[in-house]
Amino acid sequence: AAALVLDGRHPAAALQLVREAARLAVPVFLDCERLRDAAASPVLLRAALYLNCPRAFVRAYTGCNDLLLGLANILHAHPQLRFVSATLGPDGAVLML
């Protein structure tokens, strides 16, 4: 597989997949819709190389109202991330490398 895409649901199964992805050097893309998705398994967030989430997740996860500062805080807290993106509904998305 070229990549493993996870959405934070079914954390027990996802953890098994993450372990196998690490063994095979397959990058992990995590799509966190809600804070509970990341809280359910911080291991998934630490294993991810790419993170996509809505603006509300950034605010809830970092406690920061400034979206760009919140994205920067996530990148700082998880240095393995190659990028983090936040969706803005009809206003598009923001990607931070």
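This report walks through the sheet, the helices packed on it and a few single residues of the structure above.

The model is a predicted one, in which local features need pLDDT of at least 70, side-chain atom pairs count only at pLDDT 80 or more, and totals for chains, interfaces and linings use all residues. Residues are numbered from 1 along each chain as its sequence is written, and side-chain values use heavy atoms, with hydrogens and water left out.

## The sheet

Let us start with the strands. An open sheet of 5 strands has the order β1-β2-β3-β4-β5, with mixed pairing. Helices (H or I, at least four residues) and strands (E, at least two) are DSSP runs, numbered from the N terminus. Two strands pair if DSSP finds at least two bridges between them. The edge strands, each pairing on one side only, are β1 and β5 (93-96). On average, and with direction ignored, neighbouring strands of this sheet are turned by 15 degrees against each other.

| Strand pair | Sense | Bridges |
|---|---|---|
| β1 (residues 4-6) and β2 | parallel | 3 bridges |
| β2 and β3 (residues 50-54) | parallel | 3 bridges |
| β3 and β4 (residues 83-87) | parallel | 5 bridges |
| β4 and β5 | antiparallel | 4 bridges |

Some partners can be named one by one. Val5 stands opposite Phe29 in β2, and Leu30 has Leu51 in β3 as its bridge partner. Leu51 also has a bridge partner in β4, namely Val84. Asn52 is bridged to Ser85 in β4, and Ser85 stands opposite Leu95 in β5.

β4 and β5 form a hairpin with 5 residues between them, and Gly89 in the turn has a positive phi of about 65 degrees.

Contact means heavy atoms within 4.5 Å. Axes are lines fitted to C-alpha atoms, for helices over the stretch in contact, and angles run from 0 to 180 degrees between N-to-C directions.

Helix α5 also has a helical partner. Two packed helices are described by the angle between their axes and the distance between the axes. Helix α4 (residues 55-62) and helix α5 (residues 67-77) pack at an angle of about 65 degrees, with their axes 9 Å apart. Arg55, Phe57, Val58, Tyr61 and Thr62 in α4 meet Leu67, Gly70, Leu71, Asn73 and Ile74 in α5. By class, this contact has 6 nonpolar, 3 polar and 1 charged residues. In that count, Ala, Val, Leu, Ile, Met, Phe, Trp, Tyr, Cys and Pro are nonpolar, Asp, Glu, Lys and Arg are charged, and the others, Gly among them, are polar.

Leu81 lies in the loop between α5 and β4. Is Leu81 buried or exposed? Leu81 counts as buried because its relative accessibility is 7%. Leaving out residues up to four places away in sequence, Leu81 touches Ala48, Leu49, Tyr50, Leu51, Ile74 and Leu75. Leu81 and Ala3 are 78 residues apart in sequence and 14 Å apart in space, C-alpha to C-alpha.

Asn52 is found in strand β3 and counts as buried because its relative accessibility is 15%. With residues up to four places away in sequence not counted, Asn52 touches Phe29, Leu30, Asp31, Cys32, Ser85 and Thr87.

The other two residues sit in loops on either side of α1. His10 lies in the loop between β1 and α1, and Ala25 in the loop between α1 and β2. Most residues other than glycine have a negative phi, and most peptide bonds are trans. His10, although not a glycine, has a positive phi of about 50 degrees, and the phi of Ala25 is positive too, near 60 degrees. His10 counts as exposed because its relative accessibility is 64%, and Ala25 counts as exposed because its relative accessibility is 69%.

Methods:
Buried means under 20% relative accessible area, exposed over 50%, partly exposed in between (1.4 Å probe, protein chains only).
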